[in-house]
Amino acid sequence: VSAQQYSYPMPEYVPTAGNLEARKEFQNMKFGMFIHWGVYSVLGDGEWVMHQQKIKLDTYKKLTKFFNPQDFNAKEWVQIAKSAGMKYITITSRHHDSFSMFDTKATDYDIIDATRFNRDPLKELAEECKKEGIKLNFYYSLLDWAREDYKLGKKGDAVNWDNYIKFMKTQLTELLTNYGEIGCIWFDGHWDRKQANWHYDEIYSLIHELSPNTLIANNHHIQPIPGEDIQTFERDLPGENKGGFSHGVQISQLPLESCATMAKSWGFNINDNKYKSTKQLINFLVNAAGKNGNLLLNVGPMPNGEIQPEFVKTLKEVGEWTSKYGESIYGTKGGVIKSQDWGTITKKDKTLYVHILNPSSEPYIFIPELNEKIRSATSFDGKTKIKFKQVKEGTFIYPQKNLNNSIDVIIKLIIK
Ligand code: FHN
């Protein structure tokens, strides 16, 4: 599969100064909460349930009658994200099942018209995020399992494609005008029609015109297309292809973001109980930062509107770590060295944070390709001096046993 899969020319994209500033801000935030929430949560079998269980649209639509998430509380969600150390939230405004989780005039298949909940959770979240200084981003599915105008005709052609594109533009305009400043529009589902003309030229310029500082991400699993501001990696660290989505995709110059789940599925799944540990998640965050990327960590709220307690507990523990060691993550740069068996390095000005995630059995760790002259090496709190030796090939660090920390031994190197 080629990494280059779109079949029409795109105009050159020159980001505005505000956009470039927003990219920097995005990179400095490092850690965000992904939220997959929709009527599918009622069935507790993930966000692909309609497709996987081959549920007919008429039947699936009945779920809207049971979707009445009375316990949804934007304040609680934002506090959970904040106390984990997350700086932004990216929530599904509409997923592949076509159901809009916001008040849209473009269809009746939305939370206001089709459920008795009669509240717009995106509005409530937007207001709360603004109050709490959390950036809000909207996920938006390109792929659609329900709309007639998305369907292909007998000859395999899209009969009413123009209408579908128009529908998306109307919704994107709503999302960018009714909810205050939105950090990013995060597209997904391109891969369903790799050769289709998605009219990205018009869609991207619409977004940039309506809201010049809003960033565009497209989780299409190919090289970035002109107009995009963020490169995403699904279930993968930047540049890796362990998740199996990013065949041949290379890291670009754009800000990078990895997205990952806390168990297996994105949407609420009642049988999904192989939860990732706090240590695993912190590892992911540190490794992403070491590769100069953000981590967008997903929760799939339950049909009552709450985030499941297992996730809340783990996120609280992650937050205990980020509140202590966040200095070595937020606002840092990665890419100092290639990831090593023992861990990785993040950098801020003259400080290198050496993250020893997997202590070796040797009394030292070796950092290859480090050309900078080191002035001092200490424990993270600066209280304990650490021995080091610089040779032509790299640097030896001798961490002391008593620095042992079960998650991440951080050594601070001050460079000249
Ligand atoms: O199919 C979706 C999936 O449901 C989920 O939204 C993830 C998030 O990255 N993306 C898609 C697959 O690429």
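Predicted model: local features only at pLDDT ≥ 70, side-chain atom pairs only at ≥ 80, totals over all residues.
**Helix packing**

Two packed helices are described by the angle between their axes and the distance between the axes.

| Helix pair | Axes come within | Crossing angle |
|---|---|---|
| α5 (residues 74–84) and α7 (residues 121–132) | 9 Å | roughly 45° |
| α8 (residues 161–177) and α9 (residues 200–210) | 10 Å | roughly 20° |
| α10 (residues 278–290) and α11 (residues 309–325) | 9 Å | roughly 50° |

Let's start with α5 and α7. Their axes cross at roughly 45°, and that makes α5 oblique to α7. The crossing is right-handed.

Next up are α8 and α9, whose axes cross at roughly 20°. Angles under 35 degrees count as roughly parallel, so α8 is roughly parallel to α9. The crossing of α8 and α9 is right-handed. From α8, the contact takes in Ile165, Met168, Lys169, Leu172, Thr173, Leu176 and Thr177, while α9 brings Glu202, Ile203, Leu206, Ile207 and Leu210. In this α8 and α9 contact, eight residues are nonpolar, two are polar and two are charged.

That leaves α10 and α11, with a crossing of roughly 50° and axes that come within 9 Å. The two helices are therefore oblique to each other, and α10 passes α11 in a right-handed crossing. Thr278, Leu281, Ile282, Leu285 and Val286 make the contact from α10, and Thr314, Glu317, Val318, Trp321 and Thr322 make it from α11. By class, the α10 and α11 contact comes out as six nonpolar residues, three polar and one charged.

**Around the ligand**

Now for the ligand. There are 15 residues around it, and the ones that come nearest are His36, Glu47, His96, Asp188 and Glu234.

Histidine side chains also turn up in N or O pairings with ligand oxygen. For histidine 95, a side-chain N or O atom is 2.8 Å from an oxygen atom of the ligand. Histidine 96, one of the residues that come nearest to the ligand, likewise has a side-chain N or O atom 2.8 Å from a ligand oxygen. For histidine 221, the distance from a side-chain N or O atom to an oxygen atom of the ligand is 3.5 Å.

Definitions and conventions:
Residues numbered from 1 in each chain as written. Heavy atoms only, no water. Axes fitted to C-alpha atoms, helices over the stretch in contact; angles between N-to-C directions. Helix = DSSP H or I, 4+ residues; strand = E, 2+ residues; numbered from the N terminus. Parallel < 35°, antiparallel > 145°, perpendicular 65-115°, else oblique. Left-handed = near helix turned anticlockwise from the far one by under 90°. Contact = heavy atoms within 4.5 Å. Nonpolar A, V, L, I, M, F, W, Y, C, P; charged D, E, K, R; others polar. Near = heavy atom within 4 Å. Polar contact = N/O pair within 3.5 Å; in protein donor to acceptor, adjacent residues only side chain to side chain.
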